[in-house]
Number of protein chains: 2
Amino acid sequence: MSEDIYVVGVDMIKFGRFPEQSVPQIASKAALGALDDCGLGIQDMQALYCGNLYQASAMVGQRLLQEIGQTGIPVVNVANACATGATAFREAWTSVKAGLYDLVLAVGVEQMGKGLLGGGAQKTGIPKEGLLGSGTMPAVFAEAGVEHARKYGTTFEQFAKVSVKNHHHSTMNPKAMYQIETPLETVMNAEMISWPNTKLMCSVNVDGSAAAVLATGTKVRQLGLMSRAVKVRASALTSDAWQERDLVMPDVNTCTRAAAATAYEMAGLGPEDIDLVELHDCFATAEILHYENLGLCKDGEAGKLIDEGQVALGGRIPVNVSGGLLSKGHPLGATGIANIYEVSTHLRGEAGARQVENARIGLTHVIGLGSACGIHILEKEAA
Amino acid sequence: MSEDIYVVGVDMIKFGRFPEQSVPQIASKAALGALDDCGLGIQDMQALYCGNLYQASAMVGQRLLQEIGQTGIPVVNVANACATGATAFREAWTSVKAGLYDLVLAVGVEQMGKGLLGGGAQKTGIPKEGLLGSGTMPAVFAEAGVEHARKYGTTFEQFAKVSVKNHHHSTMNPKAMYQIETPLETVMNAEMISWPNTKLMCSVNVDGSAAAVLATGTKVRQLGLMSRAVKVRASALTSDAWQERDLVMPDVNTCTRAAAATAYEMAGLGPEDIDLVELHDCFATAEILHYENLGLCKDGEAGKLIDEGQVALGGRIPVNVSGGLLSKGHPLGATGIANIYEVSTHLRGEAGARQVENARIGLTHVIGLGSACGIHILEKEAA
């Protein structure tokens with residue numbers, strides 16, 4: 001149990017729209033990429049944990065093996081709304097921690113459609129009143145933003161600056177869906193979806209996949225892979241505790257605060273130790289709230305954080321240097337591993353133009369409707 | 001890692017048809033039953049692993065907590081065809097083995113419809129050619145039976161006797177869908193679905209749920225629950241290795257043989273040590289094949305096993321004393337935990353009229369299309 005667990009291989013595909021491909025085909029590219037990243041093959045993997053939301057009943061993991069090699073290994077298919085990828089990664093990590101395996105593959109994949117939540121949400125079977133009734137997802141995160149504005153005076157411009165920042169970051173990320181500078185006036189003048197979030201302050205529906213190979217420290221050393229290996233310092237998963245609202249409408253804050261507390265405790269670290277964060281900016285308002293939920297600043301100071309550029313590349317604690325869900329894109333089941341790819345890439349010093357200097361410890365965060373919050377803390381140890 | 005893990009609470013509902021209930025409502029009854037079985041409440045559980053196939057995208061675990069108590073614990077939703085329940089149980093077991101928790105809840109649930117695979121299969125997104133094209137599930141298991149007959153001379157009557165046995169067993173199981181003696185001529189003269197399986201040799205579409213509470217040995221002793229606790233000696237999960245047929249059409253034998261080998265090795269036991277078996281009799285032909293796949297007899301001797309009554313209650317190695325999928329019923333996502341309920345009940349000596357005398361070690365087996373095979377070996381230690 002005391003053995004450390006590492007990410008030794010990790011990859012994501014350039015997010016986009018691939019209607020002509022099957023979900024397993026989309027998944028296969030990231031899976032092979034992660035294996036290639038550490039010089040291993042599917043025959044070296046002892047188990048597969050596969051996260052996909054919209055085809056969660058359809059044995060995506062096994063069909064992925066049909067694409068990349070059927071070796072007879074255990075396959076576990078998981079689904080947890082927008083935390084699906086993080087949950088697949090966590091189950092993979094758990095299996096290694098349990099001593100069952102020393103090399104496992106975690107894959108997250110999603111093929112979205114067009115429309116609200118890619119049109120796929122209607123297929124999930126989540127009761128419609130929660131998803132499409134009085135509280136749509138845009139409305140929930142709009143409401144939470146308005147509440148933040150009411151309490152702390154956060155302005156429309158501050159919310160909009162989140163989108164400007166993340167779009168700017170994405171110009172340096174060749175795997176982001178968009179690489180377009182998006183000035184403040186463009187963001188603020190875009191079509192209003194649900195105040196204060198304009199269309200450019202909502203995450204981008206894209207298809208995508210991401211994958212990670214996890215290994216025990218013993219195995220990493222044995223394979224000579226420690227120089228690029230990234231240690232998993234913490235894995236936390238929570239659901240919403242009881243509240244006076246529909247379960248299907250997540251409290252935007254509580255389960256993130258609970259997961260953050262668990263993750264920081266498990267890692268023996270605090271927010272002040274984190275060098276970069278990839279958090280769940282499904283809407284610009286959400287990013288503002290999560291600065292506080294993750295302890296990156298005190299409650300009420302999120303507006304100041306964005307105003308002062310503290311969360312931009314080069315700032316005190318860069319957030320969503322990948323471009324985030326707002327510009328990199330948000331393929332639901334892939335997102336929780338894509339952000340592990342991003343943080344790992346920085347910790348390895350391989351992030352190119354968007355590299356966070358001297359990044360040693362990073363945090364990833366996702367939150368899913370109805371509800372699941374997953375947080376991982378990763379560390380690159382000194383050589 | 002060396003700490004043993006136990007089932008301390010376990011339950012299933014009487015299988016039936018509950019179209020007026022939601023999936024979480026169906027799940028809640030078994031979940032509360034398993035908690036009640038060990039005198040604990042949902043507030044004592046540290047995580048929930050929920051298995052459901054047809055609503056795998058729909059956050060069934062979190063919605064179950066809405067029914068029985070939202071405590072903010074991690075929820076993982078898993079799907080693995082007919083091995084869904086076994087996979088949820090295995091992930092729960094893995095989390096305890098990893099040292100993350102010492103008390104967790106595993107739940108399996110399914111609401112079937114009418115028609116082939118309850119009509120729900122069309123909703124799963126599994127490519128249609130595999131499920132409804134040239135090789136339907138009845139055809140696959142019929143073909144495998146015919147192949148067995150060709151190789152070993154297994155007769156129509158021998159296949160039919162499996163159904164007679166399991167229906168007889170179910171007359172002693174108040175939680176089975178049916179409790180009706182079904183004579184050989186009735187089975188053989190029923191509508192032919194796909195030779196040699198008549199309608200009474202195909203599993204019964206029902207709604208159902210089952211649940212188990214898992215705990216570390218330390219926790220079991222601390223709670224004073226050891227007298228009825230059942231030790232998990234082995235958990236194995238496999239997928240089909242490569243073969244010259246569609247992945248979506250499982251090889252009926254290979255992944256079971258691989259899982260059995262893994263499970264026996266993990267337990268340090270062999271088939272000769274097993275006192276009762278609940279195996280995946282989705283069709284009567286399947287049960288015959290699995291006698292051999294699980295090592296209950298030598299290859300080619302399955303027909304003899306059923307002829308001699310060795311697998312009936314009172315025989316050498318009773319199989320599907322619950323009535324099996326053929327008469328108890330087969331709610332896909334629940335089945336893998338329902339068979340753990342059945343074996344645990346015998347190991348505790350609480351199985352009433354169908355009690356397998358002096359049962360100390362039992363094996364559960366499920367196999368799912370496309371493919372996943374899950375095997376668990378359970379033991380009741382001497383007081």
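Student: Where in chain A is A:Asn358 found?

Tutor: Please keep in mind throughout that this is a predicted model. A:Asn358 is found in the loop between H13 and S10 of chain A, and its phi is near 55 degrees, which is a positive value in a residue other than glycine.

Student: Is A:Asn358 buried or exposed?

Tutor: A residue counts as exposed if 12 or fewer other C-beta atoms lie within 10 Å of its own; A:Asn358 has 8 other C-beta atoms within 10 Å and is therefore exposed. B:Ala81, however, counts as buried because it has 26 C-beta neighbours inside 10 Å.

Student: Which peptide bond of chain A is cis?

Tutor: The bond from A:Gly370 to A:Ser371 is cis, with omega near -5 degrees, and A:Ser371 lies in the loop between strand S10 (361-368) and strand S11 (372-379) of chain A. In chain B, a cis peptide bond likewise joins B:Gly370 and B:Ser371, with omega about -5 degrees.

Student: How should I read a strand, and what covers the faces of S7(B)?

Tutor: In a regular strand the side chains alternate between the two faces of the sheet. In strand S7 (residues 208-216) of chain B, 9 of its 9 residues are buried, with B:Gly208, B:Ala210, B:Ala212, B:Leu214 and B:Thr216 on one side and B:Ser209, B:Ala211, B:Val213 and B:Ala215 on the other. As for its pairing, S7(B) is joined in the antiparallel sense to strand S1 (residues 5-12) of chain B over 7 bridges and, also in the antiparallel sense, to strand S4 (residues 103-110) of chain B over 8 bridges.

Student: What angle do the axes of H3(A) and H13(A) make where they cross?

Tutor: Two packed helices are described by the angle between their axes and the distance between the axes. Here the axes of helix H3 (residues 84-97) and helix H13 (residues 332-347) of chain A come within 5 Å and cross at roughly 60 degrees, which means that H3(A) is oblique to H13(A). The residues of this contact divide into 7 nonpolar, 6 polar and no charged; among them are A:Phe89 in H3(A) and A:Ile340 in H13(A).

Student: Which rotation superposes chain B on chain A?

Tutor: Two copies of a chain are related by a rotation about an axis and a shift along it. In this model a rotation of 180 degrees with 0.0 Å of shift along its axis superposes chain B on chain A, with an RMSD of 0.0 Å, and that is the relation of a two-fold axis. The same surface serves both copies, in that 100% of the contact residues of chain B recur in chain A.

Student: How many residues does each chain give to the contact?

Tutor: The contact takes 48 residues from chain B and 48 residues from chain A, and the side of chain B that touches chain A divides into 24 nonpolar, 19 polar and 5 charged residues. Strand pairing also crosses between the chains, as 3 bridges join strand S3 (residues 75-79) of chain A to S3(B) in an antiparallel arrangement, with A:Val78 standing opposite B:Val78.

Definitions and conventions:
Residues numbered from 1 in each chain as written. Chains lettered and ligands numbered in written order. Predicted model: local features only at pLDDT ≥ 70, side-chain atom pairs only at ≥ 80, totals over all residues. Least-squares fit on C-alpha atoms with pLDDT ≥ 70 in both. Contact = placed C-beta atoms within 7 Å. Nonpolar A, V, L, I, M, F, W, Y, C, P; charged D, E, K, R; others polar. Pairing = 2+ DSSP bridges. Helix = DSSP H or I, 4+ residues; strand = E, 2+ residues; numbered from the N terminus. Axes fitted to C-alpha atoms, helices over the stretch in contact; angles between N-to-C directions. Parallel < 35°, antiparallel > 145°, perpendicular 65-115°, else oblique. Buried ≥ 20, exposed ≤ 12 C-beta atoms within 10 Å, placed from the backbone.
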